[in-house]
2 protein chains.
Amino acid sequence: RSIVIDLTKVDGSGERWRGLRRYCESIQLQRGDYNRQLLSIRGDDLRALAIILETSPDSLVDELRDAGVLVEGS
Amino acid sequence: RSIVIDLTKVDGSGERWRGLRRYCESIQLQRGDYNRQLLSIRGDDLRALAIILETSPDSLVDELRDAGVLVEGS
Ligand SMILES: Nc1nc2c(ncn2[C@@H]2O[C@@H]3COP(=O)(O)O[C@H]4[C@@H](O)[C@H](n5cnc6c(=O)[nH]c(N)nc65)O[C@@H]4COP(=O)(O)O[C@H]3[C@H]2O)c(=O)[nH]1
Ligand SMILES: Nc1nc2c(ncn2[C@@H]2O[C@@H]3COP(=O)(O)O[C@H]4[C@@H](O)[C@H](n5cnc6c(=O)[nH]c(N)nc65)O[C@@H]4COP(=O)(O)O[C@H]3[C@H]2O)c(=O)[nH]1
Ligand SMILES: Nc1nc2c(ncn2[C@@H]2O[C@@H]3COP(=O)(O)O[C@H]4[C@@H](O)[C@H](n5cnc6c(=O)[nH]c(N)nc65)O[C@@H]4COP(=O)(O)O[C@H]3[C@H]2O)c(=O)[nH]1
Ligand SMILES: Nc1nc2c(ncn2[C@@H]2O[C@@H]3COP(=O)(O)O[C@H]4[C@@H](O)[C@H](n5cnc6c(=O)[nH]c(N)nc65)O[C@@H]4COP(=O)(O)O[C@H]3[C@H]2O)c(=O)[nH]1
C-alpha cells in the first residue's frame, strides 16, 4: 500500500506525531527531496513507526487518516 | 554509495547484464518511473545483484563502471 504523508498537515498536527515529523524531515534530508507538499514513505517505515507508536500498521494508517495527515486517496 | 544505472547503455550491453536489465525493467514498472535516461537503485539491490552474479558489491561496482553502465560520477 502507498503511504503518502501530507506535509502541509503534519506540521500543524499534535504531539502524537512529533516522531513522524522528525522522521519525515530526516528522509527529506537523506534524499535531498524538496517537495514541500507530500512525501511517500516505505511499507517498512510504516511498520517501524507502528512499533515506535505502540500500535499496528493497519491501526496507524487509520489514525493517520483520521488525523488528516495522509494525502487523499493514499 | 549511490548506484545510478545509465539506461541508455545497459540495453546494448552484453549477456552478463541480462539479469540487471530485467531487474531495472521490474523496478521501473513497480515505480511507474518513466525516466528513460537513468535509474537509481538501493544499496540492498547492489548486494542482491552481487550475490546473483557471484561477485562482491565492490567488484560489481567496478565491473559496472568498466562496462560503461554507470552514470558518470555515481
Ligand atoms: N522512486 C523510488 N526510488 C528509490 C526507491 N528505493 C530506492 N530508490 C532510489 O535509490 C537511491 C538509493 O537508495 P538507498 O540505497 O536505499 O538509500 C536511500 C535510503 O537509505 C534513504 N531513504 C530515502 N528515502 C527513504 C524512505 O522513504 N524510507 C527509508 N527507510 N529510507 C529512505 O536515503 C537514501 C538516499 O535516498 P535517495 O536520495 O532517494 O536515493 C535513492 C533513490 O534514488 C523506491 O522505493 N522508489
Ligand atoms: N519517491 C519519490 N522521490 C522523489 C520524486 N522526485 C524526486 N524525488 C526525490 O528527490 C530527490 C531530488 O530529485 P530531483 O531534484 O528531481 O532530481 C533527481 C532526478 O532528476 C534524477 N534521478 C536520479 N535517479 C532517478 C531515478 O531512479 N528515477 C528518476 N525518475 N529520476 C532519477 O537525479 C536527481 C536525483 O535523484 P535521487 O537521488 O533519486 O533524489 C531525488 C529523490 O530522492 C518522486 O516522484 N518520488
Ligand atoms: N518529490 C516527491 N514527489 C513525490 C513523492 N511521492 C509522490 N510524489 C509525486 O507523486 C507522483 C508519484 O510518486 P512515486 O509514487 O514516488 O512514483 C515516482 C517515483 O517512483 C519515480 N521517480 C520520479 N522522480 C524520481 C526521482 O527523482 N528519484 C527517484 N528515485 N524516483 C523518482 O517515478 C514515479 C513517478 O513520478 P512522477 O510522475 O514524477 O510523480 C510523482 C511525484 O509527482 C515524494 O516522496 N517526493
Ligand atoms: N528493492 C527496490 N525496490 C524498489 C525500488 N524502487 C521501487 N521499489 C519497490 O516498488 C514500490 C513502489 O515504489 P515507488 O512507486 O517509487 O514508491 C515509493 C517511493 O515513492 C518512496 N520511497 C521509498 N524508498 C525511497 C527512497 O529510497 N528514495 C525515494 N526517493 N523514494 C523512496 O516510498 C514509496 C513506497 O516504497 P515501498 O513501500 O518500499 O515500495 C516500493 C518498493 O517495494 C528500488 O530501487 N529497489
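Predicted model: local features only at pLDDT ≥ 70, side-chain atom pairs only at ≥ 80, totals over all residues.
**Note on helix packing and the main pocket**

1. In chain A, α3(A) and α4(A) sit roughly perpendicular to each other (the label covers 65 to 115 degrees). The angle behind that is about 90 degrees, for residues 43-52 packing on residues 57-66, and the two axes are 9 Å apart. Axes here are lines fitted to C-alpha atoms over the stretch in contact, with angles running from 0 to 180 degrees between N-to-C directions.

2. Residues are numbered from 1 along each chain as written, chains are lettered from A and ligands numbered from 1 in written order, and side-chain values use heavy atoms without hydrogens or water.

3. Who makes the chain A contact (heavy atoms within 4.5 Å)? From α3(A) come Leu46(A), Arg47(A), Leu49(A) and Ala50(A), and they meet Pro57(A), Leu60(A) and Val61(A) of α4(A). By class, that gives 6 nonpolar residues, no polar ones and 1 charged.

4. Chain B has its own α3/α4 pair: α3 (residues 43-52) packs on α4 (residues 57-66) at about 90 degrees, with the axes 9 Å apart. α3(B) and α4(B) are therefore roughly perpendicular to each other. On the α3(B) side you'll find Leu46(B), Arg47(B), Leu49(B) and Ala50(B), and on the α4(B) side Pro57(B), Leu60(B) and Val61(B).

5. Zooming out, chain A carries 4 helices and 2 strands (DSSP runs, H or I of at least four residues and E of at least two). In sequence order they read β-α-α-β-α-α.

6. On overall size, the C-alpha atoms of chain A fill a box of roughly 30 × 25 × 20 Å along the principal axes. The radius of gyration of chain A is 11 Å, which agrees with the value near 11 Å for a compact globule of 74 residues (rule: 2.2 Å times residue number to the power 0.38).

7. The largest pocket has a volume of about 850 Å³ (open points on a 1 Å grid, 1.4 Å probe, protein on both sides within 12 Å along at least five of seven lines; lining means an atom within 4 Å). Of its 16 lining residues, Arg31(A), Arg42(A), Arg31(B), Ser40(B) and Arg42(B) are closest to the centre. Elements giving two or more lining residues are α2 (18-31) and β2 (38-41) of chain A, plus α2 (18-31) and β2 (38-41) of chain B. The lining divides into 6 nonpolar, 4 polar and 6 charged residues.

Technical notes. Points joined across faces, edges and corners; volume = space filled by probe spheres on them. Nonpolar A, V, L, I, M, F, W, Y, C, P; charged D, E, K, R; others polar. Parallel < 35°, antiparallel > 145°, perpendicular 65-115°, else oblique. Contact = heavy atoms within 4.5 Å.
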